[in-house]
Amino acid sequence: MKGKLSTPDWIREGFDSKADWEKAQGKKSSSKKAGKTFKVKVCPKCDGNDVKVVIDGKENGSAKDWECKSCSWTGKGVKEKEMNEDEFIEYIEKMGKK
């Protein structure tokens with residue numbers, strides 16, 4: 001048996017968003033980054049961004065490993081960098097200059 005859902009406090013108190021309510025309450029916002037975030041796969045060995053997924057045809061074409069085209073590293077432990085929009089645009093521009 002399911003219980004009743006209740007209206008969140010921030011709506012009952014007349015705030016436009018949960019972030020505004022948390023700010024008024026003196027709490028930190030629950031969202032870690034404002035705006036859109038971009039994720040870039042990076043090689044754990046050389047920090048290069050030329051990392052590709054290796055598709056293995058044995059198990060219905062599932063992704064098994066990652067491969068770095070720069071240093072020939074292969075494995076499962078690929079790193080992931082999170083960036084906001086400004087950082088991502090700067091990153092892409094820097095990659096284009098190389």
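Salt bridges in this predicted model number 6, where a salt bridge is a side-chain nitrogen of Lys or Arg within 4 Å of a carboxyl oxygen of Asp or Glu. Side chains of opposite charge can pair when their charged atoms come close. Local features need pLDDT of at least 70 and side-chain atom pairs count only at pLDDT 80 or more, while totals for chains, interfaces and linings use all residues. Residues are numbered from 1 along each chain as its sequence is written, and side-chain values use heavy atoms, with hydrogens and water left out.

The protein has 3 helices and 5 strands, taken as DSSP runs numbered from the N terminus (helices: H or I, at least four residues; strands: E, at least two). Along the sequence the elements follow the pattern α-α-β-β-β-β-β-α. Of the 98 residues, 14% count as buried. Buried means under 20% relative accessible area, exposed means over 50%, and partly exposed is in between (1.4 Å probe, protein chains only). The areas come from the Shrake-Rupley method.

One of the salt bridges joins Asp 9 and Arg 12, whose closest N and O atoms are 2.3 Å apart. Both residues belong to helix α1 (residues 9–12) and are 3 residues apart, about one turn of the helix. Asp 9 is partly exposed because its relative accessibility is 35%, whereas Arg 12 has a relative accessible area of 56% and so counts as exposed.

Another salt bridge links the side chains of Lys 41 and Glu 80, at 2.3 Å from N to O. Lys 41 sits in strand β1 and Glu 80 in strand β5 (residues 79–84), so this pair ties together parts that are 39 residues apart in sequence. Lys 41, at 30% relative accessibility, counts as partly exposed, and Glu 80, at 40%, also counts as partly exposed.

Glu 67 and Lys 69 form a further salt bridge, with 3.7 Å between the closest N and O atoms. Glu 67 is partly exposed at a relative accessible area of 26%, and Lys 69 is partly exposed at 47%.

How many aromatic pairs does a search of the whole structure find? The search finds 1, counting rings of Phe, Tyr and Trp (its six-membered ring) whose centres lie within 6.5 Å; planes under 30 degrees apart count as stacked, over 60 as edge-to-face and the rest as tilted. The ring centres of Phe 38 and Phe 88 are 4.4 Å apart and the planes are at 5°, so the pair is stacked. Phe 38 lies in strand β1 (residues 37–42) and Phe 88 in helix α3, so the pair ties together parts that are 50 residues apart in sequence. Phe 88 is partly exposed, since its relative accessible area is 22%.

Helix α3 spans residues 85–97 and includes Glu 90. Glu 85 lies in helix α3 as well. On the surface, Glu 85, Asp 86, Glu 87, Glu 90 and Glu 93 gather in a patch of negative charge. Patches are made of residues with over 30% relative accessible area and no salt bridge, with like charges joined within 9 Å and nonpolar side chains (Val, Leu, Ile, Met, Phe, Trp, Tyr) within 5 Å. Lys and Arg count as positive and Asp and Glu as negative; His and the chain ends are not counted. The place of a charge is taken as NZ of Lys, CZ of Arg, CG of Asp or CD of Glu.

Glu 85 and Lys 36 are 49 residues apart in sequence and 6.3 Å apart in space, C-alpha to C-alpha.

Technical notes:
Accessible areas come from the Shrake-Rupley method with a 1.4 Å probe; for residues, only the protein chains shown count as cover.
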